[in-house]
Amino acid sequence: MRIAILYGDVEGRAGAPPDERAVMEAVEAVHIALRDLGHEPIRLPVGGAVPDWTPILVESGADLVFNLCEGTNGSSANEWRVAAVIELLGLPMTGSPAETLALARRKDRVNALLSDAGIPVPAWAPVPPDGRLVGWDRFPAIIKPAGEDGSVGITQRSVVGDGAALEAEVAASNGGSERRPLLVQEFLPGRELAVGFVGDRVLSVAEIDFARMPDGAWPLVDYDAKWRPGSAADAGTVSRCPARLAPALRNRAIHLARAAWHLLEGRGYGRVDLRADGRGRLHVLDVNPNPDLAPGAGLSRMAAADGWGYTDLVRHIIAEAIR
């Protein structure tokens with residue numbers, strides 16, 4: 001098959017931050033895997049203007065789109081829009097549909113849906129436009145952008161221990177209007193797990209080991225942990241896969257993750273992150289359709305723990321898109 005690999009226009013933007021530039025590792029790896037599987041890969045960087053890239057995609061004669069686009073022109077808000085255009089063109093596409101991508105990006109709306117469905121999430125509240133959170137008393141708490149992913153906008157300062165610190169962090173976060181709106185969420189102290197899906201298959205459950213975090217640091221996967229290799233946060237957040245879990249805890253993690261994934265109508269491949277409270281009760285932190293597919297990223301490690309090579313993972317993702 002001729003398979004178009006779509007990704008954001010990071011190569012043409014010298015100032016693209018690490019979280020955006022990281023997509024190129026997945027592009028390279030997917031390109032090689034497709035070639036090894038006997039397909040004809042076609043790389044197509046996607047900019048903001050639809051007329052600039054859609055004719056190229058149509059004229060390429062692609063049978064399938066391998067969608068690695070996480071945004072355009074520096075805005076992750078365009079991720080779902082690119083997927084919507086592919087859908088309107090009538091081309092089969094890897095991963096989740098545009099509607100799921102748009103919904104999952106808004107953590108406040110996802111939290112509300114999960115709560116209404118009886119799926120536990122940490123206590124949370126939207127931050128009003130004036131930044132005043134009256135009556136919030138769950139500490140420690142974390143302030144995060146409601147409309148970003150990849151830990152964008154999250155640092156060690158995002159976790160606060162009292163009302164004064166909360167007010168100060170909200171004010172600081174509101175300094176960048178591009179990251180509004182915000183939400184505040186109870187910061188749970190327990191274990192952090194991740195459950196991956198490829199189609200209906202559940203991959204090996206992973207756990208983040210925070211034992212090497214610097215003294216006094218919050219056990220948190222922040223921006224540096226994800227996108228700055230060699231940083232103290234990177235060294236302090238070690239993924240263990242498969243996680244060493246009691247069968248009951250593993251089954252509970254899979255049950256909650258599957259319920260959340262199905263509620264958001266995830267498709268193709270994805271990851272659900274969970275965290276335990278002080279009594280060991282799991283809560284859903286995040287639902288991630290189309291997560292990072294770099295060979296060293298979480299979903300690839302989960303697949304490897306199940307005996308899949310990277311090419312196997314790509315083959316299964318393509319099969320799901322065709323099916």
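Student: Where does Pro-18 lie?

Tutor: Pro-18 lies in helix α1, residues 18-21. Keep in mind that this is a predicted model.

Student: Is Pro-18 buried or exposed, and why?

Tutor: Pro-18 is buried, because its relative accessible area is 18% and the cut-off for buried is under 20%.

Student: What does Pro-18 touch, leaving out residues up to four places away in sequence?

Tutor: Pro-18 touches Tyr-223, Trp-227 and Arg-228.

Student: And how many residues apart in sequence are Pro-18 and Arg-228?

Tutor: They are 210 residues apart in sequence, yet the C-alpha atoms of Pro-18 and Arg-228 are 7.4 Å apart in space.

Student: Different topic. How many residues has the largest nonpolar core?

Tutor: The largest nonpolar core has 32 residues, and Phe-66, Leu-68 and Leu-293 have the most contacts inside it.

Student: Which elements give two or more residues to this core?

Tutor: Those elements are β1 (2-8), α2 (23-36), β3 (64-67), β8 (192-198), α11 (298-305) and α12 (310-322). The largest share comes from α2, with eight residues.

Student: What does Leu-293 touch?

Tutor: Leaving out residues up to four places away in sequence, Leu-293 touches Ala-26, Phe-66, Leu-68, Tyr-269, Leu-299, Ser-300, Tyr-310, Leu-313 and Ile-317. There is also another core, apart from the largest one, with 26 residues, among them Ala-243, Leu-245, Ala-257 and Val-287.

Student: How many bridges join β1 to β3?

Tutor: Four bridges join β1 to β3, and the two strands run parallel. Ala-4 stands opposite Val-65 of β3.

Student: Now α12. Which residues in α12 are buried?

Tutor: The buried residues in α12 are Tyr-310, Leu-313, Val-314, Ile-317, Ile-318 and Ala-321. Seen down the helix axis, the buried residues of α12 fall within an arc of 135°, so they line one face of the helix.

Student: What covers the buried residues of α12?

Tutor: The cover includes β1, α2, β3, β8, β12 (269-276) and α11.

Student: What span should α12 have at 1.5 Å a residue?

Tutor: The 13 residues of α12 should span 18 Å, and the end C-alpha atoms are 19 Å apart, which agrees.

Student: Where does Asn-290 lie?

Tutor: Asn-290 lies in the loop between β13 (282-289) and α11. Asn-290 counts as buried because its relative accessibility is 7%.

Student: What does the side chain of Asn-290 reach?

Tutor: The Asn-290 side chain reaches the backbone nitrogen of Ser-96 at 2.9 Å. Not counting residues up to four places away in sequence, Asn-290 touches Asn-67, Glu-79, Thr-94, Gly-95, Ser-96, Leu-101 and Tyr-269.

Student: Last topic. In what order do the four strands of the open sheet stand?

Tutor: The order is β4-β7-β5-β6, with antiparallel pairing.

Student: Which strands stand at the edges?

Tutor: β4 (124-126) and β6 (159-160) stand at the edges, each with a single partner strand, so one side of each has no neighbour in the sheet.

Student: How many bridges pair β5 and β6?

Tutor: Two bridges pair β5 (residues 141-145) with β6 in the antiparallel sense. The bridge partner of Ile-142 is Val-159 in β6.

Conventions:
Residues numbered from 1 in each chain as written. Predicted model: local features only at pLDDT ≥ 70, side-chain atom pairs only at ≥ 80, totals over all residues. Heavy atoms only, no water. Buried < 20%, exposed > 50% of the residue type's maximum accessible area, 1.4 Å probe, protein only. Contact = heavy atoms within 4.5 Å. Core = buried A, V, L, I, M, F, W, Y, C linked by side-chain atoms within 4.5 Å. Polar contact = N/O pair within 3.5 Å; in protein donor to acceptor, adjacent residues only side chain to side chain. Pairing = 2+ DSSP bridges. Expected span 1.5 Å × (residues − 1). Arc of directions from axis to C-beta.
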